[in-house]
Amino acid sequence: MVLTATTSANDINNALYQLEDSVQDKEGNRYRTVTIGDQVWLAEGLRSTKFQDGSAVSSGVIPKDEEANLLKYGRLYSWHDVADERKLCPEGWRVATDEDWKTLERTIGMPEEELHQEGWRGKDQELGLQLKEAQADGPFKKVDQSLVNKHNFFARPAGVKWNGWYITEGAYTEFWTASSASESKGIIRTLAYAWWNTHTGEIRRATSSKGYMFSVRCVRI
């Protein structure tokens, strides 16, 4: 069933849409925003199919090509669109860099000695839980409910697209940063959701092939 914007707001985004501040891109997509420390972030995944100059992005797919997933997850983008100088985010915003993510992580309690490390970080503070929206069939009933989505970041497990296949929906969300690690790899952030995963309370900082399609969050400039 394809959901209309209205039913999606009621059935999927009810809590998200209680956030009052928002921003609109040139296509008319409206996003709720959230202030965390000194930063203002999109509180949902980017959905734009055009750069700021109106030209089309080359990626920007909906998870599993199901229209009902658009307002739930946003689109998945290749790193080349993320880093394009025509700018993917709404005017006055940018795709969050590795440093932007570090600022967010420091604000919500990441220990300084873990901040610049690669791999899973923030376990003792349950920082991953603090960024994730509760999932009805996830592990969240067994944790301190005051930690889940504590900062209204509303991260959702959109999964990824790789070599034409949609994978890991419901188990992971992977966010591109605008920061390059090498010619072939970009820096990412990962959140894990599956009940069996030992990293559900953590945030992973890693690198990934620029050919993957991941979610994108923008931060206000």
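This is a predicted model: local features need pLDDT of at least 70, side-chain atom pairs count only at pLDDT 80 or more; totals for chains, interfaces and linings use all residues.
Good morning, colleagues. I shall begin with the aromatic rings. A pair of aromatic rings is described by the distance of the centres and the angle of the planes. The model has eight aromatic pairs, and I shall discuss two of them.

In the pair formed by Trp 41 and Phe 153, the ring centres are 5.6 Å apart and the planes stand at 70°; since edge-to-face applies over 60 degrees, the pair falls in that class. The two residues come from distant parts of the chain, 112 residues apart. Trp 41 belongs to strand 3, residues 39–42, while Phe 153 is in the loop between helix 6 (127–131) and strand 7 (160–162). Trp 41 has a relative accessibility of 0% and is therefore classed as buried. Phe 153 is likewise buried, with a relative accessible area of 0%.

The second pair is Trp 101 with Phe 175. Here the centres are 5.4 Å apart and the planes meet at 35°, so this pair is tilted. Ring pairs link Trp 41, Trp 101, Phe 153 and Phe 175 into a cluster.

Which residue lies over the face of Phe 153? That residue is Arg 217, at 4.2 Å from the ring centre. A further example involves Trp 79: the charged end of Lys 210 sits over its ring, 3.9 Å from the centre.

Arg 217 leads us to the cavity. The structure holds one cavity of 30 Å³ or more, and the largest cavity has a volume of about 110 Å³. Its lining comprises 18 residues, and Arg 217 is one of those nearest the centre, together with Glu 44, Gly 45, Lys 72 and Tyr 73. Two elements give two or more residues to this lining, namely helix 2 (70–73) and strand 9 (172–180). Helix 2 gives the most, with four residues. By class, the lining has nine nonpolar, four polar and five charged residues.

Let me turn to Ile 187, which is in strand 10, residues 185–192. Is this residue buried or exposed? Its relative accessibility is 12%, and because the limit for buried is under 20%, Ile 187 counts as buried. Setting aside residues up to four places away in sequence, Ile 187 touches a set that includes Phe 175, Trp 176 and Thr 177, and also Arg 205, Ala 206 and Thr 207. By contrast, Glu 202, which is 15 residues from Ile 187 along the chain, has its C-alpha atom 17 Å from that of Ile 187.

Finally, I draw attention to two backbone positions. Asn 149 is not a glycine, yet has a positive phi of about 55°. Asn 149 is in the loop between helix 6 and strand 7, and is buried with a relative accessible area of 11%. Thr 168, also not a glycine, has a positive phi of about 65°. Thr 168 is found in the loop between strand 8 (165–167) and strand 9, and at 30% relative accessibility counts as partly exposed.

Thank you for your attention.

Definitions and conventions:
Residues are numbered from 1 along each chain as its sequence is written. Side-chain values use heavy atoms; hydrogens and water are left out. Buried means under 20% relative accessible area, exposed over 50%, partly exposed in between (1.4 Å probe, protein chains only). Contact means heavy atoms within 4.5 Å. On a 1 Å grid over the protein atoms alone, a cavity is a set of points where a 1.4 Å probe fits but cannot get out, and a pocket is an open set with protein on both sides within 12 Å along at least five of seven lines; lining residues have an atom within 4 Å of a point. Grid points are joined across faces, edges and corners, and a volume is the space filled by probe spheres set on the points. Ala, Val, Leu, Ile, Met, Phe, Trp, Tyr, Cys and Pro count as nonpolar, Asp, Glu, Lys and Arg as charged, and the others, Gly among them, as polar. Rings of Phe, Tyr and Trp (its six-membered ring) pair if their centres lie within 6.5 Å; planes under 30 degrees apart count as stacked, over 60 as edge-to-face and the rest as tilted. A charge sits over a ring if NZ of Lys or CZ of Arg is within 6 Å of the ring centre and within 35 degrees of the ring normal.
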